[in-house]
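Please find below a colleague's note on the side-chain links in this structure. The points are numbered and may be read beside the model.

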Amino acid sequence: MPQRLPIAAWIVAASLMAAHLATLGRYGIFRDEFYYLANGRHLAWGYVDHPPLVAGLAWLVEHTIGTSIYALRAPMLLALLAVLAVIVGLVRRLGGGGVAVTIAWVAFALSPYYLYTFHYLSMNAPEVLWWSLAVLLLMRATGPRAAAEDEAPAVDAVGPTAAIATAAWPWVSFGVVMGLAALTKVSGLVWGAGLALGLLVSPARRHLRSPWPWAAVAIAAMIVLPHVWWQVANDWPTAEFVRNAQANKIVPLAPGTFLREQVSLLGPIGALIALTGFAGLVTRLRHGRGHAVAVVFVLIVFLAQRSKAYYAMPAYPVLLAAGGVVLERWTPWRWWWGRLALACLLLFGVLLVPVTLPVLPEAWVPGYLARLGLTVESGERHRTGPLPQHFADMFGWETLADDVARVAATLTADERATARIYTQNYGEAGALEYYGPSRGLPPVISGHNAYWHWGPGPDTGGVLIIVGGRAVDHREVFLDVAERGRTTCTLCMPYEQDLPIFVARGLRVPLSEIWPAVKHFD
């Protein structure tokens with residue numbers, strides 16, 4: 001019978017949820033959330049920069065509970081609760097009890113990456129859920145009970161149909177989850193390959209003699225097949241996006257830097273417990289070595305691909321669960337010096353919370369970072385401002401809509417009837433589509449990522465309001481280009497600050513002929 005969780009575990013979970021709920025709407029909507037809403041208004045089996053699941057989720061949210069900042073983020077809090085439940089399952093599968101769950105939950109709750117990821121609508125939170133759930137299902141499919149269920153007496157006891165169902169459901173569920181992981185982010189395929197490699201090098205490979213692992217592969221493939229077909233039909237735009245991002249956007253990291261970033265994203269207590277869990281999976285925990293191999297495989301692949309450091313983060317909840325189990329059995333942590341060391345790590349983890357959740361007034365954040373000795377950095381080739389990018393991208397969007405609305409108000413009624421707004425990136429485009437209707441703004445187009453796929457609309461020859469860019473470039477396409485305003489945000493990313501807003505008239509050629517040249521996938 002499963003043990004009840006201790007009060008301390010429930011306090012950790014309640015504190016984590018309270019922190020999210022208290023700060024859910026403190027700053028503003030994040031850049032990518034606007035984009036996912038736009039994706040949801042153009043449902044497809046794929047997009048330039050991601051598979052379809054997040055767009056379907058955005059569509060569902062918009063058509064059920066609305067598009068307020070609280071509505072957009074509510075599904076991520078449900079995903080957070082689900083991950084906490086999965087961690088409980090992982091701990092118990094690894095032989096741990098309530099103390100182990102408490103330790104794993106503390107490490108998860110104080111990880112800067114997980115704190116932020118479950119705070120806004122994105123692909124990243126569901127990805128953590130699918131990867132963790134896949135491990136739990138694989139443990140269920142290959143663990144001691146699964147082996148016992150393969151024995152003949154079990155068939156006699158419960159009947160052949162029930163025995164087959166009992167053996168099949170973990171593998172079938174595993175296939176479904178891995179398919180959903182790949183429809184969430186393409187990196188789900190990397191995790192699937194890592195788990196397969198871990199299965200091959202562990203004693204659990206005996207299960208490959210059964211048809212059910214292969215059925216799981218077939219199920220996952222069928223789920224992913226429509227997205228693959230979309231990629232083929234659209235000439236593999238995601239491959240072009242990845243190439244461009246690696247060449248022009250993502251800052252390449254040396255192996256040592258990449259691994260240090262893992263520590264930063266996990267936080268001090270999370271990194272310690274994850275390393276402890278890795279050692280435990282390799283040396284002492286039952287059926288754990290294959291999962292350790294999967295984590296190493298993921299790290300190697302993302303290092304080789306010049307990926308962002310956070311791409312590996314969905315692999316770590318199993319390490320946190322394993323670390324909790326190891327520490328639960330470790331006597332020294334119960335001694336005064338062990339508890340003192342853990343308390344110091346816990347304190348430092350708590351001090352990092354305002355770095356990842358919008359706890360503080362935005363004006364206080366730069367000073368707080370300075371007092372902690374932290375610098376504002378970005379994993380991309382962009383100049384940074386006073387706020388970290390994950391905060392800066394929550395500011396300036398409504399102001400942008402007001403700035404563009406003032407320029408749009410200078411157009412005649414006839415011009416407004418056929419005008420459109422052109423932006424340099426999907427964040428600007430998504431924000432103007434979100435705030436535009438209340439301000440009477442014209443339709444928005446862009447050459448960035450999925451917006452380019454959606455096209456420029458009909459060739460009306462009308463006025464174009466252009467946000468950003470250079471007048472000299474715009475004059476190659478329009479007869480008359482005049483600057484009519486500038487953007488006025490101060491806390492947003494520097495590349496969104498003080499942008500010119502142009503009114504362009506007199507297209508030299510139809511916009512549809514120009515469109516191929518404005519494509520930029522990154």
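**Note on charged pairs and the disulfide**

1. Arg41 and Glu62 form a salt bridge, with 3.9 Å between the closest N and O atoms (a salt bridge is a side-chain nitrogen of Lys or Arg within 4 Å of a carboxyl oxygen of Asp or Glu). Arg41 lies in the loop between α2 (31–40) and α3 (53–62) and Glu62 in helix α3, so the pair ties together parts that are 21 residues apart in sequence. Arg41 is partly exposed at 37% relative accessible area, and Glu62 is also partly exposed, at 26% (buried means under 20% relative accessible area, exposed over 50%, and partly exposed in between, with a 1.4 Å probe and protein chains only). Helices (H or I, at least four residues) and strands (E, at least two) are DSSP runs, numbered from the N terminus.

2. On the basis of the note: this is a predicted model, in which local features need pLDDT of at least 70 and side-chain atom pairs count only at pLDDT 80 or more, while totals for chains, interfaces and linings use all residues. Residues are numbered from 1 along each chain as its sequence is written, and side-chain values use heavy atoms, with hydrogens and water left out.

3. How many salt bridges does the structure hold? The total is 15. Side chains of opposite charge can pair when their charged atoms come close.

4. Asp403 is buried, at 3% relative accessibility, whereas Arg406 is exposed, at 52%.

5. Another salt bridge joins the side chains of Arg486 and Asp498, at 2.8 Å from N to O. Because Arg486 lies in strand β4 (residues 478–486) and Asp498 in the loop between β4 and β5 (500–507), the pair ties together parts that are 12 residues apart in sequence. Arg486 has a relative accessible area of 34% and is partly exposed; Asp498, at 45%, is partly exposed as well.

6. Salt bridges also link Arg31, Asp393 and Glu496 in a network.

7. Which cysteines form a disulfide? They are Cys489 and Cys492, whose sulfur atoms are 1.8 Å apart (a disulfide is a pair of cysteine sulfur atoms within 2.5 Å). Both Cys489 and Cys492 are buried. A search of the whole structure finds 1 disulfide. Such a link is a covalent bond between the sulfur atoms of two cysteines.
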